[in-house]
Amino acid sequence: MSAGQLGMEAPGPGARCPVQEQRARWERKRACTARELLETERRYQEQLGLVATYFVGILRAKGTLRPPERQALFGPWELIYGASQELLPHLEGGHWGRGLEGFCPHLELYTQFAANAETSQTTLQEQLKKSKRFRRFVKLQEGRPEFGGLQLQDLLPLPLQRLQQYENLVVALAENTSPNSPDHQQLTRAARLISDTAQRVHAIGQKQKNGQHLRRVQALLSGRRAKGLTSGRWFLRQGWLLVVPPRGEPRPRMFFLFSDVLVMAKPRPPLHLLQSGTFVCRAVYPMAQCHLQRVFGHSGGPCGGLLSLSFPHEKLLLMSTDREELLRWYHSLTLAISQKN
């Protein structure tokens, strides 16, 4: 019986089955990702080389910075440059799995680089401020045409930016490589290891940013209750809110929200000679004991609404005329409460 008698049409000679079309799409995506990985690695290695040659190498030869300061500024930069020099020939030869698997033992350098990032930026600013010789050297090197107008402070975060690119590109390369391909397992392992490293580096960055926030807030706060207030906790949010008393007019107060406590502070008078622009800590509320409710449509006038915070021995009514801002505070407070319960 023919295909026509069965009510079916035989596929034409140019027809492609869905499996073949899917494989073709994978192959196109793989080729595109591989090309982007290769082209960006060439540019990355070029920029690593510029810093290694015109900054690290010459600073070592001239002795403009002492070795501890040079190490604090650049960390494992030259080792990261060497890892890229090992990787690039494999990519150029199309040996993606072998090259990336061989690259993975060098990922610890990126974790070390991230851990040193805050020290690096601090060292750069300190040396630019106190050393005329170093300041002149940096300006001279940045003026070279090879740098295309980029400054050293623009180039220092380069390895951490590249790690994020590695994660995106290598994961995409692994996902679009056929399981039957000889380098599928190597690419899959490399993608997992690079993603794990990127997560660790992200956590290091978050911890460093939190430390900066804590030091900034500690400098803003004064008073006996503020001593040691910002150690060992996570900063979540700060901003002005109106405290609505049982009687009388609402009073503006600055609030600092951490992972475990809410701090209410009052601004010091503008004419205060020594501490103008700072805040006196008035109260510290433990978030583990907080019960939070939203109250909208306050009858006292047009406003975004009210937040009711109940503690064992006190109740706070906080008001904002900005509904969106109040909603952001509500979400941040809910997060802090959930972390402590």
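Me: How many of the seven residues of strand β7 are buried?
Reply: Six of the seven residues of β7 (residues 305-311) are buried, so this strand is largely enclosed by the rest of the structure. Buried means under 20% relative accessible area, exposed means over 50%, and partly exposed lies in between, with a 1.4 Å probe and protein chains only. Strands here are DSSP runs of E with at least two residues, helices are runs of H or I with at least four, and both are numbered from the N terminus.

Me: What kind of model is this?
Reply: This is a predicted model, in which local features need pLDDT of at least 70 and side-chain atom pairs count only at pLDDT 80 or more, while totals for chains, interfaces and linings use all residues. Residues are numbered from 1 along each chain as its sequence is written, and side-chain values use heavy atoms, with hydrogens and water left out.

Me: Back to β7. Which strands does it pair with?
Reply: β6 and β7 run antiparallel and are joined by five bridges. β7 also pairs with β8 (residues 314-320), in the antiparallel sense, over seven bridges. Two strands count as paired if DSSP finds at least two bridges between them.

Me: How many residues lie between β7 and β8?
Reply: Two residues lie between them, and the two strands form a hairpin. Across this pair, glycine 305 stands opposite serine 320 in β8.

Me: What is the strand order in the whole sheet?
Reply: The order is β1-β5-β4-β3-β2-β8-β7-β6, in an open sheet of eight strands with mixed pairing. β1 (221-222) and β6 (291-295) stand at the edges with a single partner strand each, so one side of each is left without a neighbour in the sheet.

Me: Which helix packs on that sheet?
Reply: Helix α9 (residues 184-220) does, touching β1, β2 (235-243), β3 and β5 (279-286). The direction of α9 makes about 35 degrees with that of β2. Axes are lines fitted to C-alpha atoms, for helices over the stretch in contact, and angles run from 0 to 180 degrees between N-to-C directions.

Me: At what angle does α8 pack with α9?
Reply: Helix α8 (residues 158-175) and α9 pack at about 150 degrees, and their axes are 9 Å apart. The residues that meet include Leu160, Leu163 and Tyr166 in α8, and Leu187, Ala191 and Ile194 in α9. By class, this contact has 13 nonpolar, four polar and one charged residues. Ala, Val, Leu, Ile, Met, Phe, Trp, Tyr, Cys and Pro count as nonpolar, Asp, Glu, Lys and Arg as charged, and the others, Gly among them, as polar.

Me: What about α4 and α9: how far apart are their axes?
Reply: The axes of α4 (residues 96-103) and α9 are 8 Å apart, at an angle of about 35 degrees. Trp96, Gly97, Arg98, Leu100 and Glu101 of α4 make the contact with Gln186, Leu187, Arg189 and Ala190 of α9. Four nonpolar, two polar and three charged residues take part.

Me: Finally, how many helices and strands are in the chain?
Reply: The chain has ten helices and eight strands. Of its 341 residues, 43% are buried.

Note on methods. Contact means heavy atoms within 4.5 Å.
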